[in-house]
Amino acid sequence: MISCPTVRPTDFQLSPTIPLVPFNFMLNDSGVVETGRPIYNDAKHKAPLDENLYRPDERVLGFLKAQIGFGIDDDEALKQHIFTVQRKAYDIYGYPCIRQFGFIDPQISELPVYPRVLQLGREREDGILVDIGCGFGTDIRKAVADGFPSKGAIACDLRKEFWDYGHELFKTTEETCPIKFIHENVFDVAAPDPHSPLYTTPSTHILPESLRSLASLSTLRGHISAIHASCFFHLFGENEQLQLAKILASLLSPLPGSVIFGTHAGLPEQGLRMIPRTDVGVFCHSPQSWRQLWDGTVFAKGSVQADAELVEIHGTDSRVTDARNDFKLFRLVWSITRVESSQSYE
Ligand SMILES: C[S@@+](CC[C@H](N)C(=O)[O-])C[C@H]1O[C@@H](n2cnc3c(N)ncnc32)[C@H](O)[C@@H]1O
């Protein structure tokens, strides 16, 4: 079995002969796609919405009410507002995180590195935070609400509809929202080939005003202080995850403290995790293989501090948990931080 090198890593329908492949996919030796399936929009696999999965805690409710402007007693109105947006977004593309109300949860602030990210926003005059695969933009909105300067807040997604629904959810518009959203397939980000990280500060300077008209992340090579990528890497196969890591690394500022971080599906041993009731596998790194990928493959060994740990998820959604007792779900929680080094890597 080899992973497919020819299909562009995007969740768009590319050709009538190649099915929509949002997840990991494998070819057998004769080139036949064996496990790839358009599961998110395939009626057979797309689970119906379930209002019982709506169980926001006080942290999530407090954030939403403050952002959207609902009063503390408006729980029912808020709920209906969320259901309305959810239905429309789920029609566009049936990501499980939309079905499970992940799009209303600003998970970014629960990641261990988050205080350091906010600190970068305070300390670096032109600090830039980018949320890759931002969906509705909930995480980047949280970072701005917590003090990351909005002039340096950027979010990118392949599907503009999702952040448009983010505007609807948060009752903002492109004009009133201070965050810059970029419509881009991150695999199209142009950088020297092979994508290589910068080890010295770039000679170009990015004016904060220019960010408002930014058309591609390519312009920011070596200028981004923090890159957030959650529920994102696991959308792609093993080779594409490496390619993606290289692209993000090439965008990161070489200054010590600059960080790429996030969370996605992981396993104690790297390999495929099959999605229950499908024949689709998600390629998952282990903490060890994830650290090795960044420290030594993507970045020169010793030029980053790679942290990664597994957290077990105790899901209540029977579509993603499984009847089998031994089935466990894990999240990899990780951050890759540039470190000070006297060594020359170039
Ligand atoms: C599973 S959702 C995660 C959304 C958000 N990061 C979160 O944690 O809730 C994945 C997001 O990545 C976007 N996406 C998928 N492929 C992409 C690509 N090649 N470039 C940019 N965004 C992409 C999807 O449109 C979707 O909004």
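1. Gly 121 sits in helix 4, residues 114–123 (helices are DSSP runs of H or I with at least four residues, strands are E runs of at least two, both numbered from the N terminus). Bear in mind that this is a predicted model: local features need pLDDT of at least 70, side-chain atom pairs count only at pLDDT 80 or more, and totals for chains, interfaces and linings use all residues. Numbering runs from 1 along each chain as its sequence is written.

2. Is Gly 121 buried or exposed? Gly 121 is buried, because 22 other C-beta atoms lie within 10 Å (buried takes 20 or more other C-beta atoms within 10 Å, exposed 12 or fewer, partly exposed in between, with C-beta atoms placed from the backbone).

3. Leaving out residues up to four places away in sequence, Gly 121 touches Gly 127, Leu 129, Gly 147, Phe 148, Pro 149 and Gly 152 (contact means C-beta atoms, placed from the backbone, within 7 Å). Its C-alpha is also 9.0 Å from that of Ala 226, 105 residues apart along the chain.

4. Phe 101 is in the loop between helix 3 (96–99) and helix 4, and counts as buried because it has 20 C-beta neighbours inside 10 Å. Lys 171 is in the loop between helix 6 (160–170) and strand 5 (180–183); with 13 such neighbours inside 10 Å, Lys 171 is partly exposed.

5. For the whole protein chain, there are eight helices and eleven strands, and 38% of the 346 residues count as buried.

Methods:
Contact = placed C-beta atoms within 7 Å.
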